[in-house]
Amino acid sequence: MHTLILTLGVLVIIGSLSYLRVSLMMSTLTVFAFLFATHFVTPVPMGLWVVFAILAVPLNVSPVRRALLSKPILKVYRSIMPEMSSTEKEALDAGTTWWESQLFGGEPDWQTLHNYPQPRLTAEEQAFLDGPCEEVCAMVSDFEVNHELADLPEDVWKFIKEKGFFSMIIKKKYGGLEFSAYAQSRVLQKLSGVSAVLSSTVGVPNSLGPGELLQHYGTAEQQNYYLPRLAKGEEVPCFALTSPEAGSDAGAIPDFGVVCHGEWQGEQVLGMKLTWNKRYITLAPVATVLGLAFKLRDPDGLLGDQKEIGITCALIPTTTPGVVIGRRHFPLNTMFQNGPTQGNEVFVPLDYIIGGPKMAGQGWRMLVECLSVGRGITLPSNSAGGAKSIAAATGAYARIRRQFKLPIGKLEGIEEPLARIGGNTYLMDSASALTTTGIDLGEKPSVISAIVKCHLTERLQKVLIDSMDIHGGKGVCLGPNNYVGRGYQGVPISITVEGANILTRNMIIYGQGAIRCHPYVLAEMEAAFLDNEQQAIAEFDNALFGHIGFSLSNFSKSVWMGLSSARFTSAPTSDVTKRYYQHLNRFSANLALLSDLAMATLGGDLKRKERISARLGDMLSQLYLASATLKRFEDDGRPEQDLPLLQWAVEDSLYKLQTALESLLENFPVKGLGRTLSWLIMPWGKPVRAPSDKLDHKVARILQTPSETRDRLINGQYFKAIESNPIGIVEQTLHQILAVEPVYDKICQKLGKKVPFIFLDKLAAQGLEIGAINEEEAKQLCEAEVGRLKVINVDDFDPIELQAKQLPKQQHKAA
């Protein structure tokens with residue numbers, strides 16, 4: 001019994017030291033001090049001293065530890081480590097890690113998060129939003145673009161080129177706007193609230209495309225020629241990566257180029273013959289310059305000894321003989337310019353390679369680095385902006401539209417989807433803002449960009465489904481006054497492009513996150529590849545035992561925070577949000593622990609266990625989304641009125657995080673381990689709950705009631721009440737309806753009964769007749785009725801207007 005008590009005491013001390021992440025040497029000395037001090041009170045059994053010595057000496061004496069432990073473990077590690085393709089290695093080397101690495105590390109420093117600067121617009125950027133952005137929004141009718149023209153109007157194309165919409169990423173010295181990532185995001189948010197075609201058209205040249213690649217990798221000659229022309233809109237760029245045979249697996253593109261001599265402008269030059277077949281290329285049908293990704297081969301050794309040079313990026317004018325371009329795809333009735341491009345043995349000089357011949361074979365690294373930035377801006381911003389506009393319109397519609405003698409937004413069945421719309425919108429805008437903050441700080445966050453691309457596009461889809469359900473027939477019938485239907489149709493596009501969400505969720509987020517964000521895994525892998533054996537053993541030893549200590553720490557943290565419900569962990573606040581930070585501390589430690597256990601038990605098979613990988617990725621994703629939401633609340637000054645939005649968003653993320661954790665443990669491949677872990681880290685059951693009905697009610701009310709909180713939620717969107725902007729009309733009508741409700745009450749009081757809230761123009765006349773209201777109030781009622789009918793009515797058409805290929809009038813009459 002005496003030995004057992006001492007052993008338990010030692011284990012408690014080791015657990016406490018590992019929780020605090022005390023170094024191995026200091027931990028050893030602390031255990032020794034405990035045993036030594038105990039010996040003066042009661043003798044410590046010799047066996048315990050022997051066990052201590054057997055463990056302490058090899059662990060703390062580096063040469064002994066490396067010879068007895070690290071060297072044989074390294075041999076086993078090399079034999080079981082899965083092979084990594086060159087594209088995977090380049091993807092891991094590209095980009096940077098940022099806040100997500102703290103979330104993955106099991107011990108996030110919340111003060112670091114709060115210290116990141118709040119994103120702000122410069123005066124020039126704000127003027128652009130208030131000027132050219134507002135102007136172009138007024139020029140676009142989404143129905144006209146998608147149904148009538150199948151394109152943006154010519155004057156809009158001219159305007160966005162002349163005003164520099166294509167040059168937001170281009171530096172001023174080349175004539176560009178050189179906007180921050182945050183400013184680009186705000187521009188795209190505003191445009192997406194008006195038309196997805198408009199925002200996509202502007203977004204792509206400022207994302208993954210020739211402009212971005214040229215600025216980072218282009219030769220001085222390429223930069224000086226193309227960037228000013230791109231900035232002025234004289235060139236329209238596109239970038240062709242996806243092939244019929246290589247969609248999500250972009251590294252497997254079959255398109256190729258062969259280094260050879262050929263004739264160019266009357267001279268024999270060293271160049272390459274390019275053969276490609278690409279599809280889904282945005283702006284390809286109207287592009288004047290084509291960015292092309294292909295695999296370059298050098299069978300005759302004209303560039304050196306390497307025959308397969310690898311993925312390469314080139315910039316090709318679309319007027320080059322042999323370039324086939326101009327046809328269009330038809331993506332779900334969302335008529336942005338998107339189409340295929342082909343070429344068969346198109347000869348161009350080697351100077352067409354972006355960055356020149358020295359960048360041959362560097363294309364995949366170039367693409368991954370640029371994609372980690374562009375993917376963090378364009379689609380997440382379009383999603384957040386679309387959600388903000390839909391949240392405003394759906395909340396207003398729910399307050400205007402009446403059924404059963406009251407606004408439908410007061411029905412509990414409507415409050416539930418309204419709350420999801422409001423909470424998701426708050427979270428999406430928060431995540432977009434934090435991500436662009438990181439980019440503006442110089443980060444290239446490949447893991448974060450995958451998270452926000454995947455989860456914000458999926459949340460937009462849920463927002464649009466909920467909005468469609470609330471609008472019912474109003475959302476179903478397309479027309480100039482329908483602001484839901486096109487988005488509902490087109491949202492699968494955003495889920496599909498720039499890395500399909502199934503791929504991103506199941507493979508990319510955690511596949512990159514586990515290696516890039518983990519403090520030791522990448523170091524272990526790099527050590528295993530070293531040619532110098534002694535150096536390999538030394539570096540592997542440092543990484544391995546750091547990894548072991550890291551794992552023990554997260555085990556101790558997970559067990560203790562499970563027992564204590566994380567109530568004793570640190571948080572940067574003491575208000576209602578404190579518990580959110582504490583839950584995130586707990587789940588962060590759980591993620592770190594389960595990641596190590598998954599990697600240790602599955603080894604290389606984890607790469608193929610996509611559903612395990614997906615659930616671990618979901619945990620990391622929800623940690624990021626929840627922390628971004630808390631950061632936004634902090635940046636806004638912690639307004640108490642905004643608490644329902646914050647609470648809904650964070651509680652929803654925590655609940656999704658918990659669901660991913662439960663699913664992971666229930667399906668853990670090692671039999672019995674998942675159940676044991678569940679008992680250890682959740683001994684009292686599930687620690688969090690989904691947002692309550694009471695919270696749903698509060699969020700639904702915010703969407704339907706003009707206030708500072710609602711203004712912050714939908715800030716920056718285009719709400720001018722003009723004929724081409726139905727969202728602006730419904731927003732204006734909301735204010736009109738709320739303004740005349742007291743007038744309506746006065747008439748009802750004078751009549752001595754409640755009358756239906758319809759035919760407000762007739763009610764105005766009646767109110768004047770009985771002396772209940774004055775002329776101004778009657779006018780307000782009549783104006784509100786015009787707006788009300790505009791909002792609740794749906795469009796209808798002459799049958800001939802709906803024909804894709806209209807018949808001549810005489811044939812139509814005969815039919």
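This is a predicted model: local features need pLDDT of at least 70, side-chain atom pairs count only at pLDDT 80 or more; totals for chains, interfaces and linings use all residues.
Four helices, α1 (2-19), α2 (24-41), α3 (46-60) and α22 (533-564), each supply at least two lining residues. The largest share, nine residues, is contributed by α22. By class, 19 of the lining residues are nonpolar, ten are polar and three are charged.

A total of 29 salt bridges is present in the structure. One of them joins the side chains of Arg638 and Asp575, at 2.7 Å from N to O. This pair links distant parts of the chain, 63 residues apart: Arg638 is located in the loop between α24 (610-635) and α25 (643-666), and Asp575 in the loop between α22 and α23 (578-602). Arg638 is partly exposed, with a relative accessible area of 23%, and Asp575 is likewise partly exposed, at 35%.

In a further salt bridge, the closest N and O atoms of Asp642 and Arg712 are 2.8 Å apart. Because Asp642 belongs to the loop between α24 and α25 and Arg712 to helix α28 (residues 708-713), the pair ties together parts that are 70 residues apart in sequence. Asp642 is buried, with a relative accessible area of 1%, whereas Arg712 is partly exposed at 25%.

Glu777 and Lys746 also form a salt bridge, with their closest N and O atoms 2.8 Å apart. Glu777 lies in helix α31 (residues 775-792) and Lys746 in helix α29 (residues 726-751), so parts 31 residues apart in sequence are tied together. Finally, a network of salt bridges links Arg186, Lys388, Asp429, Arg632 and Asp636.

Notes:
Residues are numbered from 1 along each chain as its sequence is written. Side-chain values use heavy atoms; hydrogens and water are left out. Ala, Val, Leu, Ile, Met, Phe, Trp, Tyr, Cys and Pro count as nonpolar, Asp, Glu, Lys and Arg as charged, and the others, Gly among them, as polar. A salt bridge is a side-chain nitrogen of Lys or Arg within 4 Å of a carboxyl oxygen of Asp or Glu. Buried means under 20% relative accessible area, exposed over 50%, partly exposed in between (1.4 Å probe, protein chains only).
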